[in-house]
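Welcome, and please open your viewer with side chains ready to display. We will go stop by stop, selecting a few residues at a time.

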Amino acid sequence: MMIRGNNRIVDAVIYCMLAVVAFFSMAPILNTLAISFSGKVAAMSGQVYFWPVDLNVSAYKQVLGDRDFFRSFGVSVERVLLGGAINFIITVLMAYPLAKSAKLFPGRNIYMWFIVFCMLFSGGLIPWYMTIHSLGLLDKIWALVLPTAVPVFNVILLMNFFKGIPKELEEAANMDGAGPWKTLFMVFVPVSLPALAAVTLFSIVGHWNAFFDGMILMQHKENWPLQTYIQQLIVNLSSIMNTTDPEEVKRLSNISSQLLNAAKVMVSMVPIMLIYPFLQKYFVSGIVLGAVKE
Amino acid sequence: MFNRSYVWSYHLMLLPGIIFLILFSIIPMFGILIAFQDYQPTLGLFHSDWVGLENFSYMFSLPDSKLILVNTLVIAIMKIIAGLIVPFLFALLLHEVVSVKFKRTIQTIVYLPHFMSWVILSGVMINILSLDGIINHIIQLFGFEPIMFLQSNHWFRPIVVASDVWKEFGFSTVIYIAALASVNANLYEAAAIDGANRFGRLLYVTIPSLLPTVILLATLSLGNVLNAGFEQILNLYNPIVYQTGDIIDTYVYRAGLLETQYGLATAVGLLKSVVSFLLITLSYTLASRFANYRIF
């Protein structure tokens with residue numbers, strides 16, 4: 001009885017600790033959410049905790065009427081669709097031959113080393129920028145999707161998954177007269193849907209969240225993807241505040257309008273929140289898929 | 001069975017990806033020649049003057065170089081250590097939970113920041129840390145002076161490490177939880193029969209079965225000691241905190257793309273790429289030799 005009572009206390013302590021940690025990891029976002037729905041005065045005087053004070057949606061009305069915001073939102077959607085499709089095709093096409101043994105595909109190992117070398121070594125930021133510049137891609141949507149066309153990590157992940165597919169399945173397809181292309185698209189792709197969902201979600205999230213390439217490769221702001229737009233709007237402003245005079249900082253942060261920024265941050269979270277249930281399901285399986293299969 | 005016409009298809013399937021890799025990975029590697037030039041964009045790679053190692057000696061003569069290297073190492077190593085310990089402890093706590101529903105709810109909440117970009121999370125951080133933000137509001141309730149966190153060299157590094165832990169700790173537990181799921185249940189039974197209580201089982205079964213994973217992750221993180229988190233710091237820092245927060249990557253970005261010192265920035269970037277490459281190769285070699293870990 002003593003032990004059981006003790007156990008219960010330990011359990012209670014553990015549950016409480018986990019709940020507290022979970023609360024603190026949501027708190028910053030909840031606070032921003034509450035601010036975005038608060039009145040201007042309340043938001044700026046720091047009275048808002050986790051529930052809106054002086055509830056109103058004026059910030060959201062303003063965001064919904066902001067043409068720059070929606071233009072950037074559109075660029076991001078375009079980038080995700082185009083970039084996601086390119087990533088998908090390249091990943092599937094590369095994973096299949098690389099999953100073959102070197103006996104069936106002489107040269108397989110050379111390709112593999114080449115790809116891994118490209119993943120591990122880079123020329124650095126400046127030569128990368130110069131290359132894209134000299135290819136004439138600046139300010140084109142292609143600058144955001146072509147340099148990231150080969151998601152090496154995804155290729156390796158899917159390759160490992162393909163390796164786990166029973167050889168008999170492929171042999172049977174070959175017997176029936178299906179060549180590599182037909183086998184890949186009629187046999188391998190249909191049996192790999194969970195793995196394909198994982199790699200596709202990886203690349204969608206990557207494209208949606210990227211801001212730096214948009215920032216340096218897009219010189220005109222009408223070409224900025226959403227994350228770049230938000231970055232330039234909120235974050236960059238804080239770096240202008242290199243003054244240590246608190247009054248000056250306050251003045252600058254009023255211009256940036258905490259309230260409006262909170263609403264913009266929240267709206268740009270929405271797409272990720274919408275696919276979050278899938279993300280959670282397939283990312284975890286994706287991580288497990290990525291584990292060793294030798 | 002080996003089939004020649006199949007092999008042609010395999011080459012063809014790899015072709016588009018290889019072309020993209022050549023265009024955007026291999027060609028930029030030739031651009032590292034800029035590091036040995038007094039590069040002028042108007043003259044280009046072929047007509048700019050060669051200066052040998054001048055960019056490198058200039059780099060080492062800059063008073064900022066040491067500062068930037070120290071900042072990079074300190075921030076990266078603090079992140080690696082915190083990133084190993086916090087998820088480990090969290091996984092141990094989570095492992096003790098019996099209720100599946102509770103466990104799922106907690107996981108759903110703590111995974112979320114992992115999927116948000118640093119732009120969004122920095123927006124949130126700037127919001128809560130600002131002078132009118134919630135944290136300064138609480139500090140003032142206790143009668144203290146408000147703190148300009150992101151303009152303070154005292155606070156900048158702790159904030160960077162803490163916000164990185166916030167973003168990644170939940171998701172990093174996935175690997176530990178997967179490792180714990182594969183622990184043989186007989187071990188727990190045997191320990192219970194031998195008289196081990198709850199704490200004993202944690203000490204003698206759970207922790208030892210996680211240790212190989214911890215060691216593997218520590219080894220792999222060796223490749224990250226020069227990666228202090230470019231996207232995060234770019235979004236959080238400002239000139240006041242360059243002293244404690246400016247890292248190699250942010251320096252390369254500013255020197256190269258904002259101040260157009262192409263030769264210098266390429267030299268710094270090249271040095272970082274080479275050292276990182278060696279470290280990653282070393283860490284993978286160690287991991288494959290001692291833990292039988294292979295990514296391909």
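Select Asp11(A) to begin: this residue is partly exposed, with a relative accessible area of 22%. Here buried means under 20% relative accessible area, exposed means over 50%, and partly exposed lies in between (1.4 Å probe, protein chains only).

A word on what you are looking at: this is a predicted model, in which local features need pLDDT of at least 70, side-chain atom pairs count only at pLDDT 80 or more, and totals for chains, interfaces and linings use all residues. Residues are numbered from 1 along each chain as its sequence is written, chains are lettered from A and ligands numbered from 1 in the order in which they are written, and side-chain values use heavy atoms, with hydrogens and water left out.

**Stop 1: across the chains.** Helices are DSSP runs (H or I, at least four residues), numbered from the N terminus. Arg198(B) is buried, at 18% relative accessible area. Over all chains, the structure holds ten salt bridges.

**Stop 2: two pairs in chain B.** Select Asp249(B) and Lys272(B), whose closest N and O atoms are 3.0 Å apart in a salt bridge. Asp249(B) sits in helix α13 (residues 248-258) and Lys272(B) in helix α14 (residues 262-290), so the pair ties together parts 23 residues apart in sequence. Are these two residues buried or exposed? Both Asp249(B) and Lys272(B) are buried. Next, pick Lys167(B) and Glu168(B), which meet in a salt bridge of 3.4 Å, N to O. Lys167(B) is buried at 7% relative accessibility, whereas Glu168(B) is partly exposed at 23%.

**Stop 3: around helix α9.** Go to Asn184(B), at the start of helix α9 (residues 185-193) of chain B: one of its side-chain oxygens comes within 3.0 Å of the backbone nitrogen of Asn186(B). Just after α9(B), Gly195(B) has a positive phi of about 95°.

**Stop 4: the helix α4 region.** Finish with Ile77(B), which belongs to helix α4 (residues 63-95) of chain B. Ile77(B) is partly exposed, with a relative accessible area of 38%.

Definitions and conventions
Helix = DSSP H or I, 4+ residues; strand = E, 2+ residues; numbered from the N terminus. Polar contact = N/O pair within 3.5 Å; in protein donor to acceptor, adjacent residues only side chain to side chain. Salt bridge = Lys/Arg side-chain N within 4 Å of Asp/Glu carboxyl O.
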